[in-house]
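Biologist: I would like to learn how to read a protein model. Where do we begin?

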Amino acid sequence: MSAPPPDVIRTTAESVLARPYFKLDRPTADDGEPLIFRIIAWILTPFKWLFDSLEGLPDFLRWIIVVVAAIVCALLIMHIVYSLLNALGDPRSRRKKLTVGAAAREAPPEQLEREAEGLAERGDLIGAVRVL
């Protein structure tokens, strides 16, 4: 089997490279900039927009507003992460926290029933249910 003539190879290559997913004339997304710098630039973009939108205010006030907004965002993100880790954590550790308060009050059932009856007689029905 022989190779096709060079003209056929050339026209086939041109037709393949003319397809839209071959972007030879456009610059690539990877221009040598490390990924961390692109992520930092992406994170700082809203804060730059906020700073620019506060034009007309004194510069020190603009900086204070942007820094406070960044701190609030960081605190919210930390709270979200903490809440997720706490919710996804080990359920046995939550049970241990709950049983610590319950273990402090151990009484025989008869005493708890008498206490509940006394609370019910005084009209504290919710307290009586809690004791039971």
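Modeller: Begin with exposure. Buried means under 20% relative accessible area, exposed means over 50%, and partly exposed lies in between (1.4 Å probe, protein chains only). Aspartate 7 counts as exposed, because its relative accessibility is 54%.

Biologist: What should I know about the model itself?

Modeller: This is a predicted model: local features need pLDDT of at least 70, side-chain atom pairs count only at pLDDT 80 or more, and totals for chains, interfaces and linings use all residues. Residues are numbered from 1 along each chain as its sequence is written, and side-chain values use heavy atoms, with hydrogens and water left out.

Biologist: How many salt bridges does a search of the whole structure find?

Modeller: First, the idea. Side chains of opposite charge can pair when their charged atoms come close. A salt bridge is a side-chain nitrogen of Lys or Arg within 4 Å of a carboxyl oxygen of Asp or Glu. The search finds 3.

Biologist: Which side chain meets aspartate 7 in a salt bridge?

Modeller: That of arginine 10, at 3.1 Å, N to O. Both residues lie in helix H1 (residues 6-17), 3 residues apart. A helix here is a DSSP run (H or I, at least four residues), numbered from the N terminus. Arginine 10 is partly exposed, at 47%.

Biologist: And the others?

Modeller: Aspartate 52 meets lysine 48 at 2.9 Å, N to O. Both lie in helix H2, 4 residues apart, about one turn of the helix. Lysine 48 is exposed, at 54%, and aspartate 52 is partly exposed, at 37%. Aspartate 59 meets arginine 62 at 3.2 Å, N to O. Those two are separated by about one helical turn, because they are 3 residues apart in helix H3.

Biologist: Is arginine 62 buried or exposed?

Modeller: Buried, because its relative accessibility is 10%. Aspartate 59 is partly exposed, at 47%.

Biologist: How do I read a pocket?

Modeller: On a 1 Å grid over the protein atoms alone, a pocket is an open set of points where a 1.4 Å probe fits, with protein on both sides within 12 Å along at least five of seven lines; lining residues have an atom within 4 Å of a point. A volume is the space filled by probe spheres set on the points, which are joined across faces, edges and corners. The largest pocket holds about 160 Å³ of space.

Biologist: Which residues line the largest pocket?

Modeller: Leu44, Phe47, Lys48, Phe51, Trp63, Val66, Val67 and Ala70. Helix H2 (35-53) and helix H3 (59-87) each supply at least two residues of this lining.
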